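Here are a few exercises to work through with the model open beside you. Try each task before reading its solution.

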Amino acid sequence: MADTLAALRSLMSSHSPPLHALLVPSEDYHQSEYVSARDKRRDFVSGFTGSAGLALITMNEALLWTDGRYFLQAAQQLSEQWKLMRMGEDPAVDIWMADNLPKDAAIGVDPWCISVDTAQKWERAFAKKQQKLVQTPKNLVDEVWKNQPPAETNPVIVHPLEFAGRSVADKLKKLREKLVKENSRAMIITALDEVAWLYNVRGTDVSYSPVVHAFAIVTLDSAFFYVDKRKLSSEANSYMKENGILVRDYGEVSSDAVLLASDQLTASSSNKTPAGFSRNTESNDGKATGNGAIPSAEFVNDLIWVDPCACCFALYSKLNADKVLLKQSPLALEKALKNPVEMEGLKKAHIRDGAAVVQYLAWLDKQMQESYGASGYFAEAESLSKNKLKDAKRLTEVSASDKLEEFRASKENFRGLSFPTISSVGSNAAIIHYSPEAETCAELDPDKIYLCDSGAQYLDGTTDITRTVHFGKPTPHEKACYTAVLKGHISLGNARFPNGTNGYALDILARTPLWKYGLDYRHGTGHGIGSYLNVHEGPHQISFRPSAQNMPLQVSMTVTDEPGYYEDGNFGIRLENVLIVKEGNTKFNFGDKGYLTFEHITWAPYQKKLIDVSLLAPEEIQWLNDYHSKCSDILAPYLNQSEVEWLKKATEPVPA
């Protein structure tokens, strides 16, 4: 690590102009949350492996900013050469740079790895002291990373209409209508899941996210797909042709952005009408033009649309700033509103996934009793002995989570995990986004809480579920905390709210039972989830963060419900289900707004022995019993006899 910092500082000194500081973001060229091995530059320089963070290297300091999910993990992983900066507690990176770097300082960054929004925010902060953001022509980390993994060359996979539910033609038509409405003649699409969703393709370039490293440019009469052409089979090439999509090399997006800016990017190689573009298009004044092209005399659509949070600064810099529409991508909301095929697929995927989780819990219960003398999932007693069996039989956080993956892999349409499984025991469960490693992970302990947050990718849907269990005798404090988390989970899941309500307004419902005891958690409460796409999906969220105010919840959105509580050095608790937003069917309709509520589509029991029933209200007990009854009915057909018996016991009604 010291050698890496020294090598980077040497490059910073010899750079023109010399750099006072270098920023190393977590993101790739597409501002992705999860990135491929080649793009883990921040991990490489800092040693911190979490999915969110930003490294800043000056000539004599190295600092890393990350959010509350990763405070404990970062503190453990960073060497003494690094200083941890806690987001929300320490000064933000732009403020720190403006205050601590000299006047006229040059701060370097690879413009491909930061968004327009972030770059502009930093530039505003730097202006106070005439500091400047310098776009480095090469990524300096790549220059010193000797064994950097190669770029992925995995095949592009066509995602069938039977799972996608909407054709490319339909999606392009809708996008072009939005372009016309916003006086735009083109859009540059950079977010990997948006490119995959728009063109109905998937891939394996990024672990856990079924996406392809690609860009798209859509104009009023053309659609371009920028990808390493080695990834396209003859079938995929034919598919692109059939849909009027022009394939260009991945790197050509840069020069094509320049052509687009001067209105010279054309589909010269194709005279066909691209998919989704009607020859009877309406011009901006609503009159049909007849031949499909918008006459230049009437043509006022001269803006290029880019999403400031998703588009990299490098591409934006090639456009004329006064001709750019900086606005959230219309595809973000389109993708979040699941069509009926996607909705049905998600529900089916969650049922199969729930069956795998129940199989896992039943298996784990048996193993904990046999290997550790634990009282098990149902009974409450101290373990008899932890040292009675050979090492070969011992369970670790990793060997246990591998078994869960095995159960999932046996299910129809399984395509891998949707994120690294958070299999965590005792104090490790207090590390919110803990990622166990085979060499260093903990052994399971029947006398400690076990938290498992996991999910899978299926062709018909993406899943994300968390359950927290104890195989010995939980303390009254652990029970009280678990019950408070459960109460918040139930409260949010049962919410009814008027149309127009955002996730910022709902977040309090999950926290109120914890606040009653002076407890809380440092992460958001809910995120959207993709349809065989990213496990974390916007644009909506349920969170205390102000960004959760930007998008109201709407019918057919998916969102997780995952409150938690984490006691550093002791234990962690989280409960998570995926919900679908649906019509509320309220008795009254104040303000004629229409009311919404949620439908749970995740199925797995909550551990009754961790619940202090005396703290539950009668309606909460009723909800729990109803949910458990459905759970048993829905999952039983997917289980063998012993698993069904286990589930029946796990879902027996709690006495009121």
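Angles between axes under 35 degrees count as roughly parallel, over 145 as roughly antiparallel, 65 to 115 as roughly perpendicular and the rest as oblique. The model is predicted, so local features need pLDDT of at least 70 and side-chain atom pairs pLDDT 80 or more, while totals for chains, interfaces and linings use all residues. Residues are numbered from 1 along each chain as its sequence is written, and side-chain values use heavy atoms, leaving out hydrogens and water.

**Exercise 1. Classify the packing of helices H4 and H5.**

Step 1: find the geometry. H4 (residues 93-100) and H5 (residues 116-126) pack at an angle of about 30 degrees, and their axes are 9 Å apart.

Step 2: apply the cut-offs. The two helices are therefore roughly parallel to each other.

Step 3: list the contact (heavy atoms within 4.5 Å). H4 contributes Val93, Asp94, Met97 and Ala98, and H5 contributes Lys121, Trp122, Ala125 and Phe126.

Step 4: sort these residues. Six are nonpolar, none is polar and two are charged.

**Exercise 2. Which residues of the largest nonpolar core touch the most other members?**

Step 1: recall the term. A nonpolar core is a set of buried Ala, Val, Leu, Ile, Met, Phe, Trp, Tyr and Cys residues joined through side-chain atoms within 4.5 Å. Buried means under 20% relative accessible area, exposed over 50%, and partly exposed in between (1.4 Å probe, protein chains only).

Step 2: pick out the residues. In this core of 81 residues they are Tyr360, Leu364, Tyr450, Phe598 and Leu635. Helix H14 (residues 340-372) supplies the largest share of the core, twelve residues.

Step 3: turn to Ser424, which lies in strand E16 (residues 422-425). Its relative accessibility is 0%, so Ser424 counts as buried.

**Exercise 3. Is Asn200 buried or exposed, and which is Asp592?**

Step 1: note the backbone. Phi is near 50 degrees at Asn200 and about 55 degrees at Asp592. Most residues other than glycine have a negative phi.

Step 2: place the residues. Asn200 is in the loop between helix H9 (192-199) and strand E9 (201-202), and Asp592 is in the loop between strand E27 (577-583) and strand E28 (595-600).

Step 3: check accessibility. Asn200 is buried at 4%, whereas Asp592 is exposed at 69%.

Conventions: Axes are lines fitted to C-alpha atoms, for helices over the stretch in contact, and angles run from 0 to 180 degrees between N-to-C directions. Helices (H or I, at least four residues) and strands (E, at least two) are DSSP runs, numbered from the N terminus. Ala, Val, Leu, Ile, Met, Phe, Trp, Tyr, Cys and Pro count as nonpolar, Asp, Glu, Lys and Arg as charged, and the others, Gly among them, as polar.
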